[in-house]
Amino acid sequence: MIQLKNQVSVIVPKKTNDGRSTKSVINKVNKLFCLNFGGTSILEVSGYWFDDGKVYHDNNLKIVSNVENIDVETIVEAANLVLTECEQLAVSVEINGALYIFDANDSITEELESVVMEVSR
């Protein structure tokens, strides 16, 4: 029996804000997680948020891996792919049920290392 106590995921929008497909990014993140975590599940998720008097909606995919050990480098690489190649202002990362939202100004590596140290206790 194998027990994987940790779950990590990254939310990837299906389209950029100007409507271009992000299929290549989805494939890159999926491959990255498969290679480093052993496998993935991909879930369709809708995201809604309120800003400046308007409700916005995105169709997204949640790429999920169950893992024994949380590899910060892999998660950071995936998050940076979403930020840069999907041209997003922020990226959502979930670790063991807690959601972390990072923008390009955040030190994702440092912040995730702190999170993983806390989770590992």
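As a predicted model, local features require pLDDT of at least 70 and side-chain atom pairs pLDDT 80 or more, while totals for chains, interfaces and linings use all residues. Residues are numbered from 1 along each chain as its sequence is written, and side-chain values use heavy atoms, without hydrogens and water.

The protein chain contains 3 helices and 5 strands (DSSP runs numbered from the N terminus: helices, H or I, at least four residues; strands, E, at least two). From the N terminus, their order is β-α-β-β-α-β-β-α. The radius of gyration, taken over C-alpha atoms, is 14 Å, close to the 14 Å given by the globule rule for 121 residues, so the protein chain is as compact as a globular protein of that length. The globule rule is 2.2 Å times the number of residues to the power 0.38.

Of the 121 residues, 37% are buried (under 20% relative accessible area; exposed, over 50%; partly exposed, in between; 1.4 Å probe, protein chains only). Among contacts (heavy atoms within 4.5 Å) between residues at least 6 apart in sequence, 58% join residues at least 24 apart.

Most residues other than glycine have a negative phi. Glu 87 is located in the loop between helix H2 (72-85) and strand E4 (90-95), and its relative accessibility of 42% makes it partly exposed. Asn 96 occupies the loop between E4 and strand E5 (98-103); with 34% relative accessibility, Asn 96 is also partly exposed.
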